[in-house]
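Thanks for making time this morning. I would like to walk you through a few local features of one model, so please keep the picture in view while I talk.

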Amino acid sequence: MFPNRMDDFFETLVSHLNDITTPCNPTIPNNPPQAAVEGLPLLMPFTNHETAASSIGARLPSSLSDISDPSWVANVKLPCFVTAPYEENPYFTGREQFLDAIENAFETSAGFEPRHKSIESQQPFTFALCGLGGMGKTQIALRYIFSHVSNYSVILWAHADSRVKLSDSYSRFANELRIEVFGSGEDSTILAVKKFLKMTSEKWLLVFDNLDDDPKGDLLDDFWPSAGNGSIILTSRNNSLIRKFGGIEIKELEIDSAVVLLKRLSRVENAHRNHGDPAHEDSAARELVQRIGCFPLGIGQAANLILNDSCLFSEFLAGYENEDLMRDQTVVPIVSRKAFQYQHSLGTVWNTNFDKLAADEQKLLNIIAFGDPDRFQLRILSDGAGKSEEPDFVFINNARKIHKCSMSLLRSSLVRRNTNLQELGMHRLVQVSCHVRMSHAERCHHFRLAVGLLKRSWPVASRHATYDPSLWPVQRLLLPHIQSLCRYFKLSCDDNQPLLPQGVLNWDFPQLLYNAGWFCWEKGMHEMGREVLELAKEYYFRHTTTSAEKDHVLLADIYGGLGSMDSETNNFQGTYNNFQSQWAELEAAFETGQIQRPSIMEVFGLGRVANGLMALNRFEQAEEYYRRCFHAWEGLPGDRLIWTSNMAKCLCLQHKLEEAETLLLPLLENRSDIIKIAQGDVLLRAGNVDAAEKKFDAAYTSFSQAYANFQKVLGTHRRTADVCYHLGVLSQRRREYGRAIGFLEQALETFRLHKWFKNDVARATYRLGSVFQDMGDLAKGRSLIHEAEILRKELVSPEEWAPATSEDCYDHLIMFWSR
């Protein structure tokens, strides 16, 4: 028997065989014949990766490889400035020392030239602006941008307080730059923008704004440009970023600058205030800014009150005293669960602004405060409350009422507006102040209203066509608001004051979370998807105590979403358990009359049980459930491609190849149809069957077409990487080692993007090592296989661990459809 690749004797044998074959094979043919003896490694005398790769033709087109083409970089839109929703602030005052510090860090004495000759090896300049909220970090970054526009061809502003918002920012960058992104996957867009920043010779500036909650640096790592001719500004409340990136701590304004800002914002030169004594008014202005703490945000709020009331500084100061707002020494926590605290006198400025709002305007402000503070789309109000006769939404149930309320909020300076994007925004401290002002009962009420608006605004596909990419743009816009709702709800539960009391059922909330979780699954956003689905499940069990209260259909959906997440992240037992739980809830729904047969939900439930059985290698039982799935489908609409391809895989793994081929053939009549993920799955299964039947050329064609499908529809995605892996295996069999290495490295580039795919990384690394061994580069091959074995040991439980004896040990780490 030929030794396995882990045996020491393997390398000795390969070395001797290479010594024998090298004189006869000085070069590698593009299409060498297959090995004469089945099972022998396909040996070639290459000693390094570069030699092998250069001897093979180009790989299939891909977003990752095409992006290195200089013509690709040249086709982008330049100049390109993306700063929405922010615009230049005409009232910016002072802060020269901070602006000078950024300029000194970014601009060298050599005339702002790159530090290195090679752009691709040049690390970006970095500078962190850190400090408490309300100090003006964002405004300083904006001032630097608008005063240095001529220095940069590309300026990009990223909202960095969550992964969802960073992904959304990078999507806007790609759109504005007109970068061609292959597929709709989140990773495709992120990688395309990062590659552009690395490759372009144009000077660029990137801002990561509000990077406050990334203690491990994982969030930033995924979006950070690895190199390029650019500079990066970070704003954060986390002062530790200064040590890592360089920068400066932003403190309150100097008193003189604070007074100047107050005068500019309150239009002190207006005639109606000229009758005051100038010296007295200057003194009042100085005292006022000191009471506010010289916070730029607080000064802006005070100036708005002074301007609206047409009063003098001294009159406003007197009112400040008369309203018992002189509590300079009282400290209150403004941000829940954070160490940041502000003087009470700052909060009272906001209180005065809030109190001037009408009841409906306060209501709208409190609803907005539960969403994403940076970008609250006005369409949420029109879609969620438009034409509604519900008492809670009558105040915003048409365009005129929405406009009236939003304009009143704008006049208060508590919110800002981006007219082009039709969005409102508020500073985070204003958002927190809204929550501080509300009683618990008020917070519960407005949280419920926010949930209702977003639930009505979220577009949902039909049960028969759950995958509908046309809905993604709106769903993407709404996702940051769902994330905000989750954060506030979890904080309230931690404080034992849940925003949705246990005694009151609200099905809108878990339904909204399920919808958001399913969108995350479709987009490959597994971490957030699991988070919202687990919260939906937790809410369900916390708020249902009797069988009469149970919504079995909703809970089945939640289990189905969790099972789908597990199936994408190689959690075999979790896949089975969740899909079994989904089926149990569906059976309960049929028994209680919540749904009636025939139903497409029964079809999906049975098919997913089959998927769960496949995950545990129980193929015969899975086949039975797939057949029950198709039987239940009779007379119902819907696309059967995915389930048919899964059934074919089930048959293939049982070596029922003819039956699998018969099942797939009718679905392969139009191989050019590359607009459906399901069609890509069918092509992938066809490749599996062809490879099992040793029809390697046919398999290569099927896998290539599946690759083109996934690349166009999904771009950088696990499915695309799976096909790359299979193409790498076939290329190795055809002894096209350069091509095999290219495909396997492309697969690894995608798998390494997420911690969920460590199993896939182990398998692809092992396969890559075997390719190098076959080429004759034994040291490189041994190193990669050893690396793969270390990963496998981390993945396999101690009681099940044994050294790998073949590649089958790695295949068993992977979910069935990727094998």
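Let me begin with a pair of residues: Asn-418 stands opposite Glu-423 of strand β11. This is a predicted model, in which local features need pLDDT of at least 70 and side-chain atom pairs count only at pLDDT 80 or more, while totals for chains, interfaces and linings use all residues. Residues are numbered from 1 along each chain as its sequence is written, and side-chain values use heavy atoms, with hydrogens and water left out.

Strand β10 pairs with β11, residues 423-425, in the antiparallel sense over three bridges; here strands are DSSP runs of E of at least two residues, helices are runs of H or I of at least four, both numbered from the N terminus, and two strands pair if DSSP finds at least two bridges between them. The open sheet has three strands in the order β9-β11-β10, with antiparallel pairing, and its edge strands, β9 (376-377) and β10 (416-418), each pair on one side only.

Finally, Gln-654 lies in the loop between α28 (641-653) and α29 (657-664), and it counts as buried because its relative accessibility is 18%.

Methods:
Buried < 20%, exposed > 50% of the residue type's maximum accessible area, 1.4 Å probe, protein only.
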